[in-house]
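Here is a friendly walk through one protein model. Have the viewer open and follow along as the headings go by.

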Amino acid sequence: MILLPNITLSPSRVDQLLVWILQGLAAFAGILVLLIVGFLMLEAFPAVRQIGFLSFFSDASWHPVEGFYNVMAMVWGSLLAMLGAVLLATPLGICSAVFCHFYAPTWFVEPYRKLIELLAGIPSVVYGLWGLVVLVPLIGQLHPPGPSLLAGISILTIMILPTIALMADASLAKVPSVYLRGAIALGLSRWTTIRCIIIPAATSGLSTGIILGIGRAIGETMAMLMVCGNVVQVPTNLFDPMRTLTANIALEMAYAVEDHRAALFFTGFLLLGVVIVMVLAVDYIKQRHTYA
Amino acid sequence: MGGGTLVEAKDVLGMSARSTSRFQPWGPFEERSACCEPHPLIRAEKLSLYYGNTPAFEGVSWSIYQGCLTALVGPSGSGKTSFLTCLNRLTDLIPGCRVIGELSLGDLNVFAEQTDVLQLRRQVGMIFQKPNPFPLSIRKNLELPLREYGIIDRGRTDHLIEQTLNDVGLWREVQDRLDVPALRLSGGQQQRLCIARALILSPQVLLMDEPCSALDPLSSGVVEDLIARLRGQYTVVIVTHNLAQARRIADYASLFWVHDGVGQLIEEGPVSQIFETPQHDLTAAYISGVRG
């Protein structure tokens, strides 16, 4: 069956039916996203009207009971934890994939890959629990109080590492072997081949991995809630406790009413905005550095 | 990449550091000597190659002369390309590939344990059937091998790039767009860029595996003229299915044939002998189009 956007070359009835079904399913997926965004906007709108858009960024603090709604501390909390985790997990993940493809002994590769896949499958609450009983006390010994930005970054790094590593692994595997043969025939060393040819050729897949990592890091709620301390403040160093946007919603949604409730929806909306900006940024970098 | 390759590449990596110190300035000949004083450069002595237990070709004894253009012709599966890949030990990449017999390049034993493979491949460039420029800019494609061998001075690399692109007749076509992706060039231009990439390291031998067969007739003609111009300056070994091409450009030719699934060298000699007074019945049949 050959389909062009407006022409169905195969005139059969079954074919037409299939087209309708596919169009319906595609429309459903698209509308779902729009509905969610619309719902968020609808629920957040009272907040913007009652409290005022600028209040979210200029109020004295986040004290919803007293009517203060500054979310910047939590925006910074989310951003810093995510950036720290992505900066750590990206080189680790790419190194892991490069090791898998070019340096690891053959017998080692499959078990190693399975381990990374297992790491990706561990529920976040388990990471949070481990962070709470092991990591936080450790950091507390190093520099009190313990629950901190550093704990959040560490947990997030471990959580998004497998995502980035597996995506990098898949994208390295897709690099055409002719590049490799060409490099070897030129007598290039393995390190030069990886650094100058394979990695640039895999940029597109690598950045997709980073985007997924960003999405997972910024959206993570439970583990962050358990290890970060949840104090609403802009962390000034790695050992300061802080609260993320997601943890804020989870903590307060249960008892929030009226303006407070709408303000929480507004933070959800903000979260979406942050993710979109990060994805566009990575896309932009990707386009500038792809030669393929 | 197979298991054998990894071990190989690991050894090779250590060698690359050493190799600069004992680099022998072989390079192309300063002057274009008259090609055809038969001075053997490559000698194969009862050379056989096995993939696992399946022989690709057996018992090839043959000399290839310095500065000449030598064509390998014959039907598919007769071991021509396998023979070619022995010359730069690209056979190392294939797991389970065994080579028996002697192969020497000058006074270098190609398959000896202590042979520096990176150094060998620097001396023996290879052009593949499908043009395989790296997914980088035109300039970076040529800079990469130079940098690998320690030529990093910008003035020197720019000079070499211009000179080599001139040699392959590409300079005027690309001089004002050296920084565009190489993959945007046409097929014929890509293939000439690949030839330039091999030539920029001043190799002694150039291996070509059907370099024109993926190109349109016009580009094919341009590349063929370029290959013909390399005669005398480099020792060129070319696999081709195009008998007319072999006859037009080669000084020497050899016919490979399949006997019971095993490749063999049937006849070799000056092009005039192979095409005008073949000694072997199969050669006569093949070049006249009766067989093969």
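This is a predicted model: local features need pLDDT of at least 70, side-chain atom pairs count only at pLDDT 80 or more; totals for chains, interfaces and linings use all residues.

If we take contacts in chain B between residues at least 6 apart in sequence, 69% of them join residues at least 24 apart.

## Helix α7 of chain A and its surroundings

In chain A, helix α7 (residues 177-185) packs with helix α8 (residues 190-201) at an angle of about 165°, and their axes are 11 Å apart. The two helices, α7(A) and α8(A), are therefore roughly antiparallel to each other, and their crossing is right-handed. On the α7(A) side the contact uses Tyr179(A), Leu180(A) and Ala183(A), which meet Thr193(A), Ile197(A), Ile198(A) and Ala201(A) of α8(A). By class, the residues of this contact are six nonpolar, one polar and no charged.

Which residues of α7(A) are buried? They are Tyr179(A), Leu180(A), Gly182(A), Ala183(A), Ile184(A) and Ala185(A). The buried residues of α7(A) pack against elements of both chains: α3 (72-103) and α8 of chain A, together with α3 (117-123), β6 (124-127) and α7 (187-199) of chain B. After α7(A) comes Gly187(A), with a positive phi near 80°.

## Helices α6 and α9 of chain A

Another pair in chain A is helix α6 (residues 149-173) with helix α9 (residues 203-219), whose axes come within 8 Å and cross at roughly 160°. That makes α6(A) roughly antiparallel to α9(A), and the crossing is right-handed. From α6(A), the contact includes Leu156(A), Met159(A), Ile160(A), Thr163(A), Ile164(A) and Met167(A). From α9(A), the contributors include Gly205(A), Leu206(A), Gly209(A), Gly213(A) and Arg216(A). The class count for the contact of α6(A) with α9(A) is ten nonpolar, six polar and one charged.

## Helices α4 and α5 of chain B

Turning to chain B, helix α4 (residues 138-148) and helix α5 (residues 154-167) have axes that come within 10 Å and cross at roughly 115°. This crossing of α4(B) and α5(B) is right-handed. Arg139(B), Leu142(B), Glu143(B) and Leu146(B) of α4(B) meet a set of α5(B) residues that includes Arg154(B), Asp158(B), Ile161(B) and Leu165(B). The contact of α4(B) with α5(B) has five nonpolar, one polar and four charged residues.

## Nonpolar cores

Which members of the largest nonpolar core touch the most other members? Among its 104 residues, they are Phe83(B) and Leu165(B). Setting aside neighbours within four places in sequence, Leu165(B) is in contact with Leu142(B), Leu170(B), Trp171(B), Val174(B), Leu178(B), Leu193(B) and Ala196(B). There is also a second, separate core of 52 residues, with Val86(A), Ile211(A), Leu264(A) and Phe266(A) among them.

Is Val223(B) buried or exposed? This residue of helix α8 (residues 217-230) of chain B counts as buried, because its relative accessibility is 0%. Its C-alpha atom is separated by 6.6 Å from that of Arg192(B), 31 residues apart along the chain. Beyond neighbours within four places in sequence, the contacts of Val223(B) are Gly188(B), Gln191(B), Arg192(B), Ile195(B), Cys212(B) and Leu215(B).

Leu132(A), in helix α5 (residues 124-142) of chain A, is partly exposed, with a relative accessible area of 38%. With neighbours within four places in sequence left aside, Leu132(A) is in contact with Pro137(A), Met226(A) and Val227(A).

## Backbone details to check

Most residues other than glycine have a negative phi, and most peptide bonds are trans. Against that background, take a look at the cis peptide bond that joins Pro144(A) and Pro145(A), with omega about 10°. Pro145(A) is found in the loop between α5 and α6 of chain A.

Two residues other than glycine have positive phi values worth a look: Glu258(A), near 50°, and Arg89(B), near 55°. Glu258(A) lies in helix α12 (residues 258-289) of chain A and counts as exposed at 70% relative accessibility. Arg89(B) lies in the loop between α2 (80-87) and β4 (97-105) of chain B and is buried, with a relative accessible area of 9%.

Definitions and conventions: Residues are numbered from 1 along each chain as its sequence is written. Chains are lettered from A and ligands numbered from 1 in the order in which they are written. Side-chain values use heavy atoms; hydrogens and water are left out. Axes are lines fitted to C-alpha atoms, for helices over the stretch in contact, and angles run from 0 to 180 degrees between N-to-C directions. Helices (H or I, at least four residues) and strands (E, at least two) are DSSP runs, numbered from the N terminus. Angles under 35 degrees count as roughly parallel, over 145 as roughly antiparallel, 65 to 115 as roughly perpendicular and the rest as oblique. A crossing is left-handed if the near helix is turned anticlockwise from the far one by less than a right angle, and right-handed if clockwise. Contact means heavy atoms within 4.5 Å. Ala, Val, Leu, Ile, Met, Phe, Trp, Tyr, Cys and Pro count as nonpolar, Asp, Glu, Lys and Arg as charged, and the others, Gly among them, as polar. A nonpolar core is a set of buried Ala, Val, Leu, Ile, Met, Phe, Trp, Tyr and Cys residues joined through side-chain atoms within 4.5 Å. Buried means under 20% relative accessible area, exposed over 50%, partly exposed in between (1.4 Å probe, protein chains only).
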